[in-house]
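Morning, everyone. Please look at the screen with me for a few minutes.

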Amino acid sequence: MNPTAIGLLMFAGMLVLMAVRIPIAAAMFIPGALGYWAMANDMALLNLLKGSAVARLTVYDLSVIPLFLLMGQFATQGGLSRALFQAAAAFVGHIRGGLAMASVLSAAAFGAVCGSSVATSATITQVAYPEMKAHGYHGRLTTAALASAGTLGILIPPSVPLVVYAILTEQNVAKLFAAAMLPGIIATIGYLVVIAILCRVKPELATPSAPVPWGERWKALVGVWPIAAIFIIVFGGIYRGIFSPTEGAAVGAVGTFVAALARRELTLVGIKRSFLGTAETSAMVFMIFLGADMMNSALALTQMPANLADWVGHLAVPPLAIVGAVLFGYILLGCVMDELSMMLLTIPVIFPAVMSLDLFGLAPEPKAIWFGILVLMTVGIGLTAPPVGLNVYVVNGIARDVPMSETYKGVLPFLATDVLRMLVLMFFPALTLSFVNLFFK
């Protein structure tokens with residue numbers, strides 16, 4: 001059997017294992033190991049297994065992932081997410097749809113201390129959903145806004161998927177974080193506009209709350225200053241070169257821990273939950289790394305990545321059309337895979353092909369950064385798009401009284417803004433790279 005056929009069988013086997021609910025790490029590892037054995041021999045496979053885990057898990061840059069996850073856990077257990085929502089609601093809650101807008105704003109702010117979309121969705125939903133339900137908000141608007149807002153958790157730095165992309169493509173993490181800031185701001189504004197338009201067209205979707213006195217607004221705002229301070233210290237320090245991203249993550253975790261203690265909501269049980277939650281998520285991420293490494297090692301033997309790059313480079317179609325096709329493929333993959341698995345499996349194959357294209361005359365590093373942000377936004381679309389949408393499942397798991405079909409209907413306007421934003425940034429790379437050029441002259 002030729003190597004290409006073996007590679008295709010590996011992909012088919014992976015999809016079958018995923019369909020029968022085998023954990024994604026094993027679904028990638030098993031076909032990869034069998035494919036590698038088929039193309040090499042027993043000893044080659046054993047030698048790979050002997051060294052691959054150590055080689056992967058001793059990478060210093062990977063330590064930034066559990067540190068950012070711990071940062072988010074401390075913020076969740078310490079009640080900082082509740083403070084963020086209360087502050088946002090105090091300022092915009094009296095507007096029609098204001099509590100939905102507050103959930104978007106608090107998710108964006110929470111994204112500054114949490115690098116996970118799912119964690120952001122779950123945390124903000126637990127805080128915001130009861131409030132919106134109590135004020136008579138329609139379930140479709142409520143759950144759709146929360147599911148869409150959760151994607152800001154990976155757009156607003158820090159972002160675990162961006163860290164993974166940086167490691168896989170050997171790019172500068174700080175520059176990727178800088179590049180993600182403007183798309184994150186645009187996404188936040190886009191969601192707010194969607195809520196405003198929906199509530200203007202259908203006023204029955206949301207009931208305005210009573211205005212909060214200015215004294216109480218400023219009091220609520222005081223409660224969120226630690227997050228602003230942590231964001232400025234961590235990312236200001238990274239961009240100014242005071243410390244590396246890993247050191248910045250450590251500083252952020254300590255700062256969030258101190259802020260949570262100062263609120264007197266972080267108990268001993270909460271501390272244990274924070275470390276346990278971080279350990280569980282980190283273990284899952286690293287197992288996915290090992291599974292993807294096995295699959296990608298086998299694919300390297302098939303020469304599929306090199307052949308794909310060569311084939312793409314000789315296609316008689318506009319390079320941007322190829323990028324668009326790749327992004328559309330990511331949207332489809334997002335229906336069956338989580339963001340980390342998708343990136344770990346596809347980036348080693350797709351990235352060389354994209355880098356071989358002439359895109360707006362961009363140099364290799366700006367091109368890699370621009371493409372990384374496009375992938376990140378596409379992953380966000382997959383997290384909310386039917387028929388799966390992991391964020392939708394997370395939100396509806398908490399808001400059980402809202403039919404999932406209603407949430408899927410509700411996310412469509414938000415998805416429209418996602419697609420529009422992605423198209424704008426795809427055709428105008430300068431927007432994505434503006435903060436990179438500003439901070440890294």
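First, the ground rules. This is a predicted model, where local features need pLDDT of at least 70, side-chain atom pairs count only at pLDDT 80 or more, and totals for chains, interfaces and linings use all residues. Residues are numbered from 1 along each chain as its sequence is written, and side-chain values use heavy atoms, with hydrogens and water left out.

A reminder: most residues other than glycine have a negative phi, and most peptide bonds are trans.

Now the peptide bond from P157 to P158. Is it cis or trans? It is cis, with omega near 5 degrees. P158 sits in the loop between α9 (152-155) and α10 (160-169). Helices here are DSSP runs of H or I, at least four residues, numbered from the N terminus.

Next, R264. Its phi is positive, about 60 degrees, and R264 is not a glycine. Find it in the loop between α14 (245-262) and α15 (268-302). R264 is exposed, at 78% relative accessible area. Exposed means over 50%, buried under 20%, and partly exposed in between, with a 1.4 Å probe and protein chains only.

F360 also isn't glycine, and its phi is positive, near 60 degrees. Look between α18 (339-355) and α19 (364-384), in the loop. F360 is partly exposed, at 46%.

Last, helix α21, residues 404-427. Its 24 residues should span 34 Å at 1.5 Å a residue, and its end C-alpha atoms are 34 Å apart, so the two agree. The expected span is 1.5 Å times one less than the number of residues. Where does α21 bend? At L412, by about 35 degrees, with a proline, P413, following within four residues. That bend is the angle between axes fitted to the seven residues ending there and the seven starting there.

Methods. Helix = DSSP H or I, 4+ residues; strand = E, 2+ residues; numbered from the N terminus.
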